[in-house]
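This report describes the pockets of one protein. Look at the sequence and the structure first.

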Amino acid sequence: KLILLDSLLQETMPTDFLGYGFGALVAAGGAMGYVKKRSVPSLVAGLAFGGLAAVGAYHASANPDTPYVAAGVSATLAGVMGARAAKSGALMPGGLIALLALGMLGRYSLAFYQGGQQQK
């Protein structure tokens with residue numbers, strides 16, 4: 001009984017559900033690129049970056065004040081997909097992923113800022 005009570009009193013780590021959802025969306029986008037256009041590079045990139053975003057979400061869940069991996073993946077996706085969207089002039093799919101990645105980067109940047117403020 002004492003062990004059960006102790007585990008209930010321990011603080012649980014916050015889960016980065018938005019990060020996991022973002023990773024799933026990126027991976028699904030890569031799979032859709034493969035299904036619609038038979039684009040193997042889209043599949044590989046989507047699964048790789050979706051997986052990295054999920055790893056980043058796990059890292060952000062374990063270290064909410066320093067989500068380095070998630071911020072790096074979001075920044076990279078925002079830059080690459082933003083450049084593709086600017087080159088093609090189309091919002092879908094590159095522009096949408098770039099906007100979502102930029103939003104996630106803003107979220108993780110806020111976590112860095114708030115974590116730094118708490119340490120002062």
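How do the residues of the lining of the second largest pocket divide into nonpolar, polar and charged? They divide into 6 nonpolar, 2 polar and 2 charged. Here Ala, Val, Leu, Ile, Met, Phe, Trp, Tyr, Cys and Pro count as nonpolar, Asp, Glu, Lys and Arg as charged, and the others, Gly among them, as polar.

The model is predicted: local features need pLDDT of at least 70, side-chain atom pairs count only at pLDDT 80 or more, and totals for chains, interfaces and linings use all residues. Residues are numbered from 1 along each chain as its sequence is written, and side-chain values use heavy atoms, without hydrogens and water.

A pocket is an open set of points on a 1 Å grid over the protein atoms alone, where a 1.4 Å probe fits, with protein on both sides within 12 Å along at least five of seven lines; lining residues have an atom within 4 Å of a point. Its volume is the space filled by probe spheres set on the points, which are joined across faces, edges and corners.

| Pocket | Volume | Lining |
|---|---|---|
| Largest | about 620 Å³ | 14 nonpolar, 7 polar, 3 charged residues |

Among the residues lining the second largest pocket are Pro14, Asp16, Arg107 and Tyr108. Helix α5 supplies the largest share of this lining, 3 residues; helices are DSSP runs (H or I, at least four residues) numbered from the N terminus.

In the largest pocket, α2 gives the most to the lining, with 9 residues.

How values were computed:
Helices (H or I, at least four residues) and strands (E, at least two) are DSSP runs, numbered from the N terminus.
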